[in-house]
Amino acid sequence: ISKIGVLTSGGDAPGMNPCIRAVVRTALYNGLEVVGVRQGYKGLIDNDMYEMDKRSVSNILNLGGTILKTARCLPFKTDEGMEIAYQNAKARGIDALVVIGGDGTFTGALRFSRKYPDIAVMGVPGTIDNDLCGSTYTLGFDTATNTVIQAIDKIRDTADAHDRLFFIEVMGRDSGAIALRAGISCGAEAILLPERTTAIDDLIKNLKEGHMNKKSSSIVIVAEGDKNGGVYDVAKAVQQEVKNYDIKVTILGHLQRGGAPSSFDRILGSRLGFAAVNALVAGESQKMVGLQANQILMTDLEAALNQHEFKLEDDLLQMMDILSI
Ligand code: ATP
């Protein structure tokens, strides 16, 4: 290969910038040229790309978001869109792509590379949801969880001062990974996850017991994808039964995506970017790089995409009830 295109796609995640930096500098070290593709697959279709040099990625390790910007791009799902993307990439001399994103991004990359095998693709797992197979951690998950923890600690202060019961919605439509870790880290009284439905009656019983056990505040974390109808419905149902608490709802929303990447995400982004380029140089394609047991390993994109079940750790699930009494 001689020229690598790098793009970020899907939702942005802290750690993408350290990864872009590692891709650019590792490629240059290997005597390759690098093209930055703006706004994910949209930049390939719109021909919105630029040559990157080692200074293009100066002072970005500490930045959240992604300097390449990201987008959801529907035209890339069509044959016509892919053909335009291919022609634009070829015209630039791009013969390999590093795509940083989630499973949608990987699905697109795999389809593209099967259609046009003369462009190699390497995936880097970048999503705050931590819901990809092939990597124990995805870029942005650690930072997002830390952001959530900081916010909940602050809410705990006011909850405690007023004998309040807080329902806090955190990101995770399909994955309770952020909710579970944040809940354990902050001592939440209950954690409602998409993967495991908690009956409202059980929740109410737990909260009443907590009150009898002289808890002065309670925090319930509700992942977006919880099956009880959303944080407001849950709070309303509980309020009807638990009269002695003043109930408040907080939705953390997009603040969970932003902020400087944590040490963990900076290192992970750097490792994965470095590994992605080295894999392409070694002739690999249609794979993703990931972290497993603190080793950087490659997984076939197809295998990673077929294994939909990302499991939450059993011990964390067990612990969440036992430690919150
Ligand atoms: P996140 O987990 O943060 O949502 P993601 O990568 O899963 O990230 P998506 O919006 O699902 O985010 O996908 C990103 C982009 O990948 C889409 O906007 C589209 O351009 C491309 N893509 C997704 N699915 C396909 C597909 N089946 N064929 C081609 N391209 C696809």
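How many bridges join strand β6 to strand β8?

Analyst: Happy to walk through that. The model is a predicted one, in which local features need pLDDT of at least 70 and side-chain atom pairs count only at pLDDT 80 or more, while totals for chains, interfaces and linings use all residues. Residues are numbered from 1 along each chain as its sequence is written.

Strand β6 (residues 164–170) and strand β8 (residues 218–223) run parallel and are joined by 6 bridges. Helices (H or I, at least four residues) and strands (E, at least two) are DSSP runs, numbered from the N terminus, and two strands pair if DSSP finds at least two bridges between them. Within this pair, Phe 166 has Ile 219 of β8 as its bridge partner.

Helix α8 (residues 231–241) packs on the sheet, where it touches β6, β7, β8 and β9, and its direction makes about 175° with that of β9. Helix α6 (residues 177–186) lies across β6, β7 and β8 and runs at about 165° to β8. Here, contact means that the C-beta atoms of two residues, placed from the backbone, lie within 7 Å. Axes are lines fitted to C-alpha atoms, for helices over the stretch in contact, and angles run from 0 to 180 degrees between N-to-C directions.

Now for the sheet as a whole: it is open, with 4 strands in the order β7-β8-β6-β9 and parallel pairing. Because β7 (190–192) and β9 (246–251) stand at the edges with a single partner strand each, one side of each is left without a neighbour in the sheet. Neighbouring strands are turned by 20° against each other on average, direction ignored.

There is also an open sheet of 7 strands, ordered β3-β2-β1-β4-β5-β10-β11, and its pairing is mixed. Its edges are β3 (49–52) and β11 (295–300), each with a single partner strand, so one side of each has no neighbour in the sheet. The twist averages 25° from one strand to the next. In this sheet, β5 (residues 120–125) and β10 (residues 287–292) run parallel and are joined by 2 bridges; Met 122 has Lys 287 of β10 as its bridge partner.

Helix α4 (residues 103–115) lies across β4, β5 and β10, at about 170° to β5. This helix also gives the largest share of the shell around the ligand, 6 residues. Of the 19 residues around the ligand, Gly 10, Gly 11, Gly 102, Gly 104 and Gly 108 come nearest; a residue counts as near if its C-beta atom, placed from the backbone, lies within 6 Å.
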